[in-house]
Every structure is written in C-alpha cells, then in structure tokens.
Amino acid sequence: MPAITSLLDSFPSFLKNKSAPLLEIFYKPTTDNKKLIQEIRQLQRPYQPTFWLANTHVQLMYLELKKKLEKPLIYDRVETLTMADGGKTALAWYGYNLPASTPTLVILHTLTGSPRSMQDMVRDLHEYTGWRVVVAVRRGHGGLEFDPPRFNIFGSTQDLREQLTHIERLFPQSPLYAVGSSAGSGLLIRYLGEEQQNARFKASFAFCPGYNTDEGFKYCHPFYSKYMAKKLIRTFIEPHQSKLQQLATFNHLKTAKDLLAFHEKVYEFSGYPSYQHYSDATNPMKVFQQVTTPVMLLNAKDDPVCNIQNLDPYLADIQQMPNLIVVKTKKGSHCAYQQGWQARSWAHKLMAEYFQVIHKRDA
C-alpha cells in the first residue's frame, strides 16, 4: 500500500515538473567533447520515465520483478577461467560467432550480479550495436566456486586483466569497450586508473556509479542498504560458513545490518590485513584522476542506492578532465531508466549510441 500511495503521489509533481531540466551534462568543453555530445541523439531527447514508473522505488520494484519473471537468456558460450592464483572467474558470451573484427562489449556486473541478472543489458546492447557482448563474471558469482580470502565484492583488477587477456587471445582483431554497472563501475574506474594509457578499452561507460567506496554506502537509502546487506550475507556468507569461520571478522559480516557495516569489515574477507589496505587497493576514486580512456558516467538525482551526493566532491575535477563526461538526469532510479509503454531502458540506448559514435570517430 505505501508503494501504491507513493506512486499516486508522484503523478502531480511529475506532470507539474515536466518542463523542468531533465538532463544535465558536465564536461570539459573541448571541441571533441562538444561534437561527441551533439552526435549522440539520445542526449538530444532528455530522459522521462514510463509514466506509471515515475516513482524511484516503483522503478526499482519493477526492475527486480522483471529480472525474476523474464525468460532466461541463452548465452552462446560460458567459459570458466582459472586465474593465476587458482581462483575461478567466467565469461558469458552473446554473439560469440560474429566476425572476428566485430567490436566486443565487456560488461562488469553489479554487487551480487550474474549473467542472468545482466541479461537485459546484454540483449539490448547486442540489439542496438550488433556487437559481441560478454559478461565478465567475478569470483563466487553466477554459481562459480567460492574462493576466500580472495573474494572482493567490487571485483579484482588483476582478475579483470586476466579475463581481458583471454578475450584478446580469442579475438585479437576486436576492439574492446566496457560498461561497469553499479558496483561494476567501481571495478571499471579502478582498472582504468591503474592502467592509464595501457587500458585495453577504447571507451567505457559507468552506469549509476557510487564513486568513493569509503563514503558511498553512508548515503544509501536505509531500506536498500539493509536489503542489500542481507542479500550479500545470504549469497556469500551463510552458504560458506565453514570456509569463513576462521576469519576474525566473520561474526561481524554475518550479523551486519546494512551495507556500511558489512563493508567496514570486508577487508579480511578480501585478503587484506586492514580496512585501510583494502581501501588503498580497491577504492576507484584514489586513482580516477589517472584515467585517460574516454568515459561517460550516468547518474540519476533520484537514485536511492548510489546517492547523487556521491558525485558532488568530484564534479569540479571531472570538468577539468577532457576524457570524462557526466550525464545527470532528474529521474532514472538505480540502473532502471525505463521509458515508453514497453518500459525499456533509455540508458542502454545511450550506452550503445555513445560507443558507436566513438567507434566511428576512431575508425
């Protein structure tokens, strides 16, 4: 009932504010950036949500329900990879048999993501671009073997490097592009910052990023913070108690009431001696100014998970970096962005067009 009331209450403000700015773009006004933005048609049509999904919480409810009810996508091929230290990751391919020179889009999934949970993005990006798409599955996700103490909820840049080496070995003629979704955007930016000019991606897209992982969970809506903490515990802690009981932080992780409490003690779980060591090795914002790859970042003002406040401390710096463009929308919720009667993702179209314009420019 509260959700229905909230939805009904949202209609008057949605209609009243229809003429208010629905999309803002922040960037260094170089000639290349201006031209890029002008060529992306999706940015000329500001996002407005499906009218019956105008409320941020209803958007998320619909997204979660859709993931559970829709028919599973049949991937062309799912490979399990053994990392240098013996851990297991995977690659889930869609469009695997396309010509060898076809671009490849690498998707870095969400906090508890899997090929199943990312299938809408996979299907849409393949449809809109005609490119090969692959989900880079992290350790312990999607049914993979659980491997403490080398399990990181945000992923490992070393694992990503090894996955990319495998992709390039299979398709040496294929240019690589990447999307980091929610938590996956943290892994994306960390990798790009560490690699700098050596990064393998021609361009990247950070979808609803949380920016500073030391601070971001403080601003998460309490309901989602508690819900996601329970999901992390149910997915990664409770089924593997026999492997984790020796950790000094085990009881804290098992009883964490929200994301912040969980994250504060996750360092031992990930193989680090302290939280500071963990943060220094994983926080994307400690290296983001070293990123040289073109990146578009998309955030919604009504995102209840990755609050828009997370962007504020970095916006001035971003506008001095010629390779970063931030798109901020009034609506969109968290990784939702449904639009039209069919409630398909506006954001997926933006990603596809951004990559296609970049690819055409660099061809």
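Residues are numbered from 1 along each chain as its sequence is written, and side-chain values use heavy atoms, with hydrogens and water left out. As the model is predicted, local features need pLDDT of at least 70 and side-chain atom pairs count only at pLDDT 80 or more, while totals for chains, interfaces and linings use all residues.

Strand 7 spans residues 201–207 and is mostly covered, with six of its seven residues buried. Here buried denotes under 20% relative accessible area, exposed over 50%, and partly exposed in between, with a 1.4 Å probe and protein chains only. Helices (H or I, at least four residues) and strands (E, at least two) are DSSP runs numbered from the N terminus. Strand 7 pairs in the parallel sense with strand 6 (residues 176–181), over five bridges; pairing requires that DSSP finds at least two bridges between two strands. Within this pair, Phe207 of strand 7 has Ser181 opposite.

The loop between strand 8 and helix 12 (315–318) holds Asp303. Asp303 is buried yet lacks a salt bridge, and the nearest side chain of opposite charge, that of Lys67, is 12 Å away. For charge, Lys and Arg count as positive and Asp and Glu as negative, with His and the chain ends not counted; a salt bridge needs a side-chain nitrogen of Lys or Arg within 4 Å of a carboxyl oxygen of Asp or Glu. The Asp303 side chain does make a polar contact of 2.9 Å with the side chain of His334, and reaches the backbone nitrogen of Val305 at 2.8 Å. A polar contact is a pair of N or O atoms within 3.5 Å; within protein, one must be able to donate a hydrogen and the other to accept it, and residues adjacent in sequence count only if both atoms are side-chain atoms. Beyond neighbours within four places in sequence, Asp303 is in contact (heavy atoms within 4.5 Å) with Cys208, Ser333 and His334.

Turning to helix 4 (residues 119–129), Thr129 lies in this helix and is buried, at a relative accessible area of 12%. The side chain of Thr129 reaches the backbone oxygen of Leu125 at 2.5 Å and the backbone nitrogen of Trp131 at 3.0 Å.
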